[in-house]
Amino acid sequence: MNRFKDWWNKHFNKKKYQEEHSEDQEVVELTDEQKALDEAGVYYDESSATVVRLVSRKRNAKEYHVGGVQDVAAKNNWRAWIYLAPVIILVVIFLIYPLINTIVISFLENYNYATGHSDGFTFKNFGIILGLTTTDNGATEMYFVQYAIPNTFFIVFVTVPIATILALLIAVALNSIKWFQKTLQTIFFLPYVTNTIAVGMVFAVIFADNGIINYIFQSNITWIYGANRWVAMVPLCTYIIWSSLPFKILIFLSGLQGIDKQYYQAAQIDSASKTKVFLRITTPLLGPQIMYILVTSFMGAFKEYSSVVALFNGPGTLGSAGSPNMETIVYYIYDNLSTQTSYAAAAAVFLFVIILIFTIIEFWVSGKRIYY
């Protein structure tokens with residue numbers, strides 16, 4: 001009877017069986033080393049005096065699923081690659097390949113654009129455009145350093161801050177207007193959809209010797225044709241700022257409409273002035289939009305080209321007749337693309353490095369100052 005009861009407890013009442021036989025079992029406390037070996041699947045076989053490691057070659061036939069839910073996205077990755085294939089192919093053909101090809105050409109001496117022939121690898125192209133090395137005929141290329149680089153940096157550091165501040169102020173004013181708002185937004189957005197060359201011609205007429213600007217201020221300043229280089233920068237920067245405002249206003253408006261109204265209600269309860277509300281609430285909360293505008297604006301300003309063509313019909317204040325005193329880096333690239341391809345490629349790589357450095361600095365600053 002006792003044997004039957006013991007057998008029953010062993011198979012159907014294990015808890016009671018363990019309690020009855022716990023006194024017969026010797027409790028052995030494992031050391032830390034033995035616990036580590038036990039977790040690793042290692043034990044010592046006393047009969048054969050060997051250390052045994054448990055290794056299983058068996059693989060699960062089914063994937064491990066948390067909660068019984070199968071990871072469909074991981075299983076169907078090939079579909080995602082098929083969907084992305086057209087875009088990836090276009091990016092490779094029209095972005096990655098031209099970038100790599102331009103970098104390669106910038107290190108080729110006397111590269112021929114038509115035949116693809118060159119005289120070998122060289123670092124000389126960068127020295128030539130920067131005025132550090134003379135060309136094969138002994139001449140020194142000074143236009144890039146004398147005009148292209150200073151003009152581009154002047155345009156960047158004048159137009160980008162002014163256009164960004166103006167766009168922010170206009171967006172705040174438009175956002176506070178309840179009536180006539182849609183019409184004003186359309187008016188401010190018109191320059192974005194207008195042909196740049198046509199707008200440049202209008203600005204050339206406005207700043208002509210007998211134009212509206214001289215008529216209003218009763219002056220006889222030469223702004224465009226035959227003007228001094230730095231005087232001509234006034235209509236050029238004005239045109240760039242005016243044409244770049246619509247996109248910035250649109251971005252700031254979308255950001256303003258996404259700000260929680262509770263912040264402004266709290267400021268109203270505290271009787272905060274409009275200036276403090278703008279500086280302490282609006283501007284910090286528009287940090288991501290301001291960062292986006294600055295990054296894209298710096299890139300666009302460094303690549304300025306069409307505005308020079310539209311206003312001056314050439315690289316200088318005398319069109320294509322005189323010195324290229326209004327030339328930018330991108331204008332220099334286009335101007336030498338077919339005749340001195342190696343120099344144009346070196347200038348393009350130089351511009352790429354400059355934009356990359358500024359973009360890295362902007363993202364580094366945004367990581368410390370802007371909260372998303």
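**Exercise 1.** Determine what covers the buried residues of α14.

*Solution.* The cover includes α7 (143-176), α11 (229-257), α13 (274-285), α16 (329-336) and α17, where helices are DSSP runs of H or I with at least four residues, numbered from the N terminus. The residues so covered, buried in the sense of under 20% relative accessible area with a 1.4 Å probe and protein chains only, are Gly-287, Ile-290, Met-291, Ile-293, Val-295, Ser-297, Phe-298, Ala-301 and Phe-302. This is a predicted model, in which local features need pLDDT of at least 70 and side-chain atom pairs count only at pLDDT 80 or more, while totals for chains, interfaces and linings use all residues. Residues are numbered from 1 along each chain as its sequence is written, and side-chain values use heavy atoms, with hydrogens and water left out.

**Exercise 2.** Describe how α14 is oriented against α17.

*Solution.* The axes, lines fitted to C-alpha atoms over the stretch in contact, with angles from 0 to 180 degrees between N-to-C directions, come within 10 Å for α14 (residues 287-302) and α17 (residues 341-369) and cross at roughly 170°. α14 is therefore roughly antiparallel to α17, the term for angles over 145 degrees.

**Exercise 3.** Identify the residues of α14 that make the contact with α17, and classify the residues of the contact.

*Solution.* With contact meaning heavy atoms within 4.5 Å, α14 contributes Met-291, Leu-294, Val-295, Phe-298, Met-299 and Phe-302, and the residues from α17 include Leu-351, Phe-358 and Glu-362. The residues of this contact divide into 11 nonpolar, 2 polar and 1 charged, where Ala, Val, Leu, Ile, Met, Phe, Trp, Tyr, Cys and Pro count as nonpolar, Asp, Glu, Lys and Arg as charged, and the others, Gly among them, as polar.

Terms used: Helices (H or I, at least four residues) and strands (E, at least two) are DSSP runs, numbered from the N terminus. Angles under 35 degrees count as roughly parallel, over 145 as roughly antiparallel, 65 to 115 as roughly perpendicular and the rest as oblique. Buried means under 20% relative accessible area, exposed over 50%, partly exposed in between (1.4 Å probe, protein chains only).
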